[in-house]
Amino acid sequence: MDSEHEPTRVAIVDDDQLVRMALRLLLEGEPDLAVVAEAADGETALTAVEQQRPDVVLMDVRMPGRDGISATRELLARPSPPKVLMLTTFDSDDLVLAALEAGALGFVFKDTPPARIVDAVRTVAEGNPVLSPAATARVIAAATGPRSSSTRRDRQGAARTRLSTLTERELDTAQAIADGLNNPEIAERLHISVATVKAHTSNLFAKLAVENRVQIALVVRDAED
């Protein structure tokens, strides 16, 4: 956003026209939010985002043609990408994890109460992760659940290699992020200032080659025994 007084620009991507209409009515009822684009599939979403430059994209996971996870991955590889909040009716561990690994900052289900969807858009717009309670449980289960031994070893080894580049304080910060702490809580735990937490977090983004705090948490979880 160019100014704190300007509304957050939102794009809605969903193949169901009624869902798009309902979300538009919900979001445009808020003075700090403005819907600037709609799309019915991932491919159209890429063009709409390029033209309208939203701050947040509310992205359905499964759509005809290009799905939301693939579209999210491409969007976030572009310069100055929007924040992405995944929205779906599908209750799947694999979908939750795939969306977050693609770089989405949040994941809520379509039966989430309207006020929480609005709050999620605002939270993601600020660059903070948000998951519904159900999605949170699935992320933890998927990230720590059983995989083939070779797959687990490969992911664990890759994650530990990435974490080995961190300083002790950066590693402490990454662990605190994986534990779900916000910046003030991390500062209190580590007895450092919030500004220092932000500096460590910025270093984590660069060193781990991730886009957001959720991805930091996934790297930490993959490294665990």
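**Salt bridges and the annotated aspartate**

R189 has a relative accessibility of 40% and is therefore classed as partly exposed. The model is predicted, and R189 is one partner of a salt bridge in it, with D179 at an N to O distance of 3.0 Å. D179 is located in the loop between α8 (168-178) and α9 (183-190), whereas R189 belongs to helix α9, so the bridge ties together parts 10 residues apart in sequence. D179 is likewise partly exposed, its relative accessible area being 36%.

In total, the structure contains 17 salt bridges. One of them pairs the side chains of R78 and E50, with an N to O distance of 3.5 Å. This bridge connects distant parts of the chain, 28 residues apart: R78 is in the loop between α3 (68-75) and β4 (83-88), and E50 is in helix α2 (residues 42-52). R78 is partly exposed at 23% relative accessibility, as is E50 at 44%.

A further salt bridge joins R221 and E224, whose closest N and O atoms are 3.3 Å apart. R221 is partly exposed, with a relative accessible area of 22%, and E224 is partly exposed at 28%.

An unreviewed UniProt entry places the feature "modified residue: 4-aspartylphosphate" at D60. D60 is part of strand β3 (residues 56-60). Its relative accessibility is 3%, and D60 is therefore buried, the limit for this class being under 20%. Beyond its neighbours within four places in sequence, D60 contacts V13, D14, D15, G68, M86, L87, T88 and K110.

Note on methods:
Residues are numbered from 1 along each chain as its sequence is written. This is a predicted model: local features need pLDDT of at least 70, side-chain atom pairs count only at pLDDT 80 or more; totals for chains, interfaces and linings use all residues. Side-chain values use heavy atoms; hydrogens and water are left out. UniProt positions are given in the numbering used here, feature names are shortened, and annotations may be inferred rather than shown by experiment. Helices (H or I, at least four residues) and strands (E, at least two) are DSSP runs, numbered from the N terminus. Buried means under 20% relative accessible area, exposed over 50%, partly exposed in between (1.4 Å probe, protein chains only). Contact means heavy atoms within 4.5 Å. A salt bridge is a side-chain nitrogen of Lys or Arg within 4 Å of a carboxyl oxygen of Asp or Glu.
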